[in-house]
Structure formats: C-alpha cells, structure tokens
Amino acid sequence: YLSQLGWGYEGKPQKQICQVVLDHFEKQYTKELGEAWSTVREVLTSPLCWQYAVLLNKFSYSSELENNLHLKGYLSLFQETLPYLPGSLKCYISRTPGRFPAQKHQIGKLKEYYLLNAASLLSVLALEIKDGERVLDMCAAPGGKSIAMLQCAWPGHLHCNEYDSLRSKWLKQTLESFIPEPLMNLITLSELDGRQIGDLHPELYDKVLLDAPCSNDRSWLFSSDIQQATLRLIQRKELSSLQVQLLRSAIKALCPGGSVIYSTCTLSKAENSDVISHILSSCSNILPVDISELASVVSDEFSLVAGVQPHELLVLPAKGKAWGPMYVAKLKKT
C-alpha cells in the first residue's frame, strides 16, 4: 500500500524515475539485451525489490551477528565449490528484498559488516588475491571492494587510489571503520589521476582492480536533476575512451605475469566488452583469462548473460536475484 502512494520502507519517500534516462536506456538496451531488457528494467525501476548483501568483517567478527543473520533467514552467498574462495570471506544474502540496518560509526570500534551489491564481490573473487601480493585498487571509493580484498588475503601492499577528493575522504573513512590500525600500515591512499599511475609506478603490481567510472545504470535512472541527467547521457559517449586510457594505465602498472580485473556497474556494451576487445586487439602483451568456471559456479545466485566470451561475465538484475548490473573481465600481462 505504501509503495502505491510512492512511499517506501519506513515511510521514506520513494525515488522518482528519470524519464529522460529511462527512454535512453530503453532504446539502447532493447537493442543490446533483446528480450532480457524488460525483466531487467522491471527490477532496476523498482527499488523496493533491490537486495543488499551483508559482508562480514573478519577484523571484528561477531558470532552473535552471524547467528542473528541465520535467524533472519540469511544464507551464505558462496559455496565451497568456487575456484577461489578464501574461508575468511563471509557474505550473507536474503532471498527477500530489503536492507539489513546499516551500522553507525563509533570512534575506536570497528564495524562488523558492510552492506553491498553482492555482484561487486565477483570482481574481487576473479582477482584471486594471495598473501604478500602488491595490489592496486585504481578507482577505490567508496571502499567496499578494498575491504573485500582484505577479507581474502593479507597483501604485501595495497594501494587504494581515488581521483575525486570528496570520494577519497569517503574511502579513507570506510577503511578506518573496518581495518585495524596495524594493517592500515600496509595500505597507501592516494588521489592520483588513474591514467598516470602506469607511468608513475610501471610494472609494480601483481594484481590491479580497475572498477572503472561508468554510467551507473541504477543511480542514473533516479537522477533528480533532469539537466544533469541529459548532460550525463551526452557525456556517456566519451566514457569508453576514458575507460580505455585507465585500463592501459593499469596494464602499465602490472608486472609481467600479473593480472587485471576490469569491472563496471553498467550494462552498456560500449563500456564493457567493447573496451576489452579494443585492448585485446591493440596490446600484444595482453591475454584474456578464462573466468567461465567462476561464472558457472555462481550462476545459481546471479542471473548471467549467456553467450559472453570466456574471459568476461555480465550480471543482469532479476527478480529474487536483484544483483548487478555488474560486468567483470580478466586479462593477464605476458
């Protein structure tokens, strides 16, 4: 009844859909996704059916919290059959929509969990971080993926970069809320233009995560400012060239034998597979890495697009699996 009045959980006004953006998506995604778009559109435009995963923080583990999640019907997201799944990475999901309450920041006390879109963990799992590796999170804010990486392994060094200074402050706060002080010594925070990192730190990192700036389908659909939304849609065409530059820089920063994950939270082919195809055809020292085993194992929990290349996966939001959009591709430097 509340949702019919345009009100959501706890009587908060529901977000309004931006028609300009929806019309634009309608044209583009009907062409790119075909029949699948109508289901995706239904989920993306209905925030009341969105789901949030609960990523536990191993640095302030609470058995009480874990029991509470079980009592509320939450299930463990990943099963042991994954190609790479550290035992220390624990994430819980509920089959029903809704949001577990967020934790408030308390000085001197680490948060016990982080709420996130479960699909964003796929890029971290695909990276397969091992203890002692040098890792770069190139566009790291708000910090969820950095936190997930630290649940997986103890890197020798983790470099979290965020070009936007406001988002960088947010990233710093997030890390301080989840990571104990001694471990913060292994982490470098910077505000560099990601396009310059490859030249500044050539062949330094074993693993790079480039969660690239993209046309964020979920948030764009609810742009409250129509002029800003229109401008975003015009600038959307230029995003792929920025993404290619960032990915080239990420590759320069990789040591030979190292791997990079490229991910976005858009369904747009121009920002996803086209960027990867461009890099593969223009960089002789880059090879695609097969992640189809990861894709097939998680296909029960996530709705994946069929017929993609073995080195990529694309998560489509679906009813009861309202995760994504999330595109993930893996490349290796020879």
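Visitor: What makes Ala-141 count as buried?

Guide: In this predicted model, Ala-141 has a relative accessible area of 6%. Buried means under 20%, so Ala-141 is called buried. Ala-141 belongs to the loop between E5 and H5.

Visitor: Which residues does Ala-141 contact, leaving aside its neighbours within four places in sequence?

Guide: Glu-162, Arg-167 and Leu-171 are in contact with Ala-141. The term contact requires heavy atoms within 4.5 Å.

Visitor: Why is Cys-139 called buried?

Guide: The relative accessibility of Cys-139 is 14%. That value falls under the 20% limit, and therefore Cys-139 counts as buried. Cys-139, too, is placed in the loop between E5 and H5. Not counting residues up to four places away in sequence, Cys-139 touches Asn-161, Glu-162, Leu-210, Asp-211, Pro-213 and Leu-246.

Visitor: Where does the "binding site" label come from, and which residues does it list?

Guide: The label comes from an unreviewed UniProt entry, which lists Cys-139, Ala-140, Ala-141, Pro-142, Gly-143, Gly-144, Lys-145, Glu-162, Asp-193 and Asp-211. Such annotations may be inferred rather than shown by experiment.

Visitor: What is the omega of the peptide bond that joins Ala-141 and Pro-142, and is the bond cis or trans?

Guide: Omega is about 5 degrees, and the bond is cis. Most peptide bonds are trans. A cis peptide bond also joins Gly-324 and Pro-325, with omega of about 0 degrees. Pro-325 lies in the loop between strand E11 (312–315) and strand E12 (326–333).

Visitor: Why is Glu-128 called partly exposed?

Guide: Glu-128 has a relative accessible area of 28%. Partly exposed covers the range between the buried limit of 20% and the exposed limit of 50%, so Glu-128 is partly exposed. Glu-128 also has a positive phi of about 55 degrees, although it is not a glycine. Most residues other than glycine have a negative phi.

Visitor: What makes Glu-203 partly exposed?

Guide: The relative accessible area of Glu-203 is 44%. Because this value lies between 20% and 50%, Glu-203 is partly exposed. Glu-203 has a positive phi of about 50 degrees and lies in the loop between helix H8 (194–200) and strand E8 (205–211).

Visitor: Why are E2 and E4 placed at the edges of the sheet?

Guide: The open sheet has four strands in the order E2-E3-E1-E4, with antiparallel pairing. Strand E2 (75–76) and strand E4 (113–116) each have a single partner strand, so one side of each has no neighbour in the sheet.

Visitor: How many bridges join E2 and E3?

Guide: E2 and E3 pair over two bridges. Pairing requires at least two bridges, so E2 and E3 count as paired.

Definitions and conventions
Residues numbered from 1 in each chain as written. Predicted model: local features only at pLDDT ≥ 70, side-chain atom pairs only at ≥ 80, totals over all residues. Heavy atoms only, no water. Buried < 20%, exposed > 50% of the residue type's maximum accessible area, 1.4 Å probe, protein only.
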